[in-house]
Amino acid sequence: MTEGTTSAAAEGGDTLTRLEQEGEIAADYLEGLLDIADLDGDIDMDVEADRAAVSIISDSGGRDLQKLVGRDGEVLEALQELTRLAVHRETGDRSRLMLDIAGFRAQKRTELAQIGAKAADEVKASGQPVKLDPMTPFERKVVHDAVAAAGLRSESEGEEPQRFVVVLPA
């Protein structure tokens with residue numbers, strides 16, 4: 001290995017270690033939250049796409065965990081931000097950690113990918129741009145990825161919370 005290769009490998013290892021540490025801090029924070037709320041849930045940690053990913057899952061079907069998801073994932077979004085702040089407090093670094101509860105984000109990701117693919121098909125057929133409904137940053141990212149996978153491009157327009165995706169012809 002050359003010096004540059006060794007350095008890149010060490011940097012990649014450092015990044016993985018840092019993301020695993022973020023996951024551990026987040027898991028500890030979320031375990032405390034589950035204890036306070038008297039909710040049962042198992043915590044699963046992973047690293048996906050250069051960010052720590054933490055999931056709270058339940059053996060009992062996750063009915064209690066739905067309280068932590070809230071309407072349209074609003075509580076989940078807030079808990080993700082609180083968890084990111086807890087990680088920031090411990091590490092001093094900004095976290096891009098993703099939190100999923102009871103499979104809500106995984107299911108949402110599938111639905112959004114279908115919306116992005118359908119919009120791409122519509123644009124390919126008509127040759128006209130398609131504007132989608134306002135979405136959260138997470139939702140827009142999933143749609144952008146689906147549109148790119150379909151061979152088209154997309155842009156976000158508008159101001160939060162009314163920011164939306166526009167799928168454009170090739």
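Predicted model: local features only at pLDDT ≥ 70, side-chain atom pairs only at ≥ 80, totals over all residues.
**Around S154**
- S154 is part of strand β5, which covers residues 153–157.
- Its side chain forms a polar contact with the side chain of H144, at 2.5 Å.
- Leaving out residues up to four places away in sequence, S154 touches H144, V147, V165, V166 and V167.

**Helices α4 and α5**
- Helix α4 (residues 104–126) and helix α5 (residues 137–149) have axes that come within 8 Å and cross at roughly 45°.
- That angle makes α4 oblique to α5.
- The crossing of these two helices, α4 and α5, is right-handed.
- On the α4 side, the residues that meet α5 are R105, K108, R109, L112, A113, G116 and A117.
- Their partners in α5 are F138, E139, V142, V143, A146 and V147.

**The nonpolar cores**
- The largest nonpolar core has 17 residues, and I56, L68, L99 and I101 touch the most other members.
- At least two residues of this core come from each of α1 (3–37), β2 (51–57), α2 (66–69), α3 (74–91) and β3 (98–101).
- Helix α1 gives the most to this core, with four residues.
- Another core lies apart from it, with 15 residues that include V130, L132, L152 and V167.

**A closer look at L99**

Key. Residues numbered from 1 in each chain as written. Heavy atoms only, no water. Core = buried A, V, L, I, M, F, W, Y, C linked by side-chain atoms within 4.5 Å. Buried < 20%, exposed > 50% of the residue type's maximum accessible area, 1.4 Å probe, protein only. Polar contact = N/O pair within 3.5 Å; in protein donor to acceptor, adjacent residues only side chain to side chain. Contact = heavy atoms within 4.5 Å. Axes fitted to C-alpha atoms, helices over the stretch in contact; angles between N-to-C directions. Parallel < 35°, antiparallel > 145°, perpendicular 65-115°, else oblique. Left-handed = near helix turned anticlockwise from the far one by under 90°.
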